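Student: I've got a model open and I'd like to learn how to read it. Could we walk through a few features together?

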Amino acid sequence: MISLSHLGREIHRRYDEFGPILVFDDGNKRYLSFGTADEQSCQLKSAPLQLQHEYARAMVAVLMQSDASTPPANITLLGTGGGTLASTLFHWLPQATIQAVDIRQAVFQIAQQYFALPRDKRLSTHVSDAAEFLRNSEQGQCDLLICDLYLADGLDPLVLQSDFLDLCERHLSAHGWLVLNLWKEHREQTDCLAQLKQRFPQLLQSTTTDGNWILWASKYAEIADKKTARERCVQRSPLAGFNLWNVVKGFYRHR
């Protein structure tokens with residue numbers, strides 16, 4: 001295992017059938033790692049709901065596509081990590097029901113113990129393979145599906161398979177949004193983008209400075225015009241704790 005001392009003091013370590021799970025604390029932030037140089041999650045201890053990674057901010061910024069009066073009511077998160085996305089959405093959207101899915105039971109335990117993932121009836125946890133979960137879920141019941149499936153050595157290859165995209169389409173409501181977190185290298189895989197456009201004609205994309213390629217995709221949802229999106233960002237940035245428009249504007253660069 002490579003040295004992770006730059007993340008601070010190791011405060012927890014355990015192993016399951018998929019490998020190590022480690023928690024680090026540098027006094028200011030807390031980190032989750034699967035034993036590689038990449039952080040799976042980062043949480044600012046003084047403001048735990050303020051997302052730290054740019055790619056995470058870009059994923060939740062899809063909420064700017066919805067009017068504040070009609071936010072997504074049913075949310076599914078594939079891939080949990082430290083639970084920072086789940087926790088943020090739980091507090092931002094007090095009427096929403098959230099399903100968090102991860103193949104590792106230990107991830108949920110650590111997210112609750114070390115990253116304050118809420119224990120609440122509005123947030124249910126499911127230990128399951130992502131594809132299997134989607135296959136067994138009620139069709140068309142999800143308004144926001146966020147896919148953040150990463151293994152210790154990189155993106156879960158499941159995400160790029162056409163069968164998986166079919167399951168995502170099946171899971172979403174007619175005007176629901178799919179959010180994918182990929183690496184910027186996947187932009188060169190034109191087949192991936194073509195497959196997405198076949199299923200989700202409404203598509204926005206942005207590449208973050210930390211090397212992630214984030215896609216927002218929907219079948220029928222209307223894309224907010226740039227002026228409206230910016231106004232919503234101004235209104236909601238105080239809740240987010242960061243400048244939402246700095247994140248969202250990248251999705252409008254080529255529109």
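Student: Let's start with strand S3 (residues 29-33): how many of its five residues are buried?

Tutor: First, the ground rules. This is a predicted model, where local features need pLDDT of at least 70, side-chain atom pairs count only at pLDDT 80 or more, and totals for chains, interfaces and linings use all residues. Residues are numbered from 1 along each chain as its sequence is written, and side-chain values use heavy atoms, with hydrogens and water left out. Buried means under 20% relative accessible area, exposed over 50%, and partly exposed in between (1.4 Å probe, protein chains only). Strands are DSSP runs of E, at least two residues, and helices are runs of H or I, at least four, numbered from the N terminus. In S3, four of the five residues are buried, so the strand is largely enclosed by the rest of the structure.

Student: Which way do S2 and S3 run?

Tutor: Two strands pair if DSSP finds at least two bridges between them. Strand S2 (residues 19-25) and S3 are antiparallel, joined by four bridges. Aspartate 25, for instance, has arginine 30 in S3 as its bridge partner. The two strands make a hairpin with three residues between them, and glycine 27 in the turn has a positive phi of about 95 degrees. S3 also pairs with strand S4 (residues 39-44), antiparallel again, over five bridges; there, serine 33 stands opposite glutamate 39.

Student: What is the strand order in the open sheet of seven strands?

Tutor: Reading across, you get S7-S6-S5-S8-S11-S13-S12, with mixed pairing. Strand S7 (123-127) and strand S12 (202-207) are the edges, each pairing on one side only. At the S12 end, strand S13 (residues 212-218) pairs antiparallel with S12 over six bridges, and leucine 203 has alanine 217 as its bridge partner.

Student: Which strands does helix H5 (residues 162-171) lie across?

Tutor: For angles, axes are lines fitted to C-alpha atoms (for helices over the stretch in contact), and values run from 0 to 180 degrees between N-to-C directions. H5 lies across S5, S8 and strand S11 (172-183), at about 145 degrees to S11.

Student: Is cysteine 168 buried or exposed?

Tutor: Buried, with a relative accessible area of 0%. Cysteine 42 is buried too, at 8%.

Terms used:
Contact means heavy atoms within 4.5 Å.
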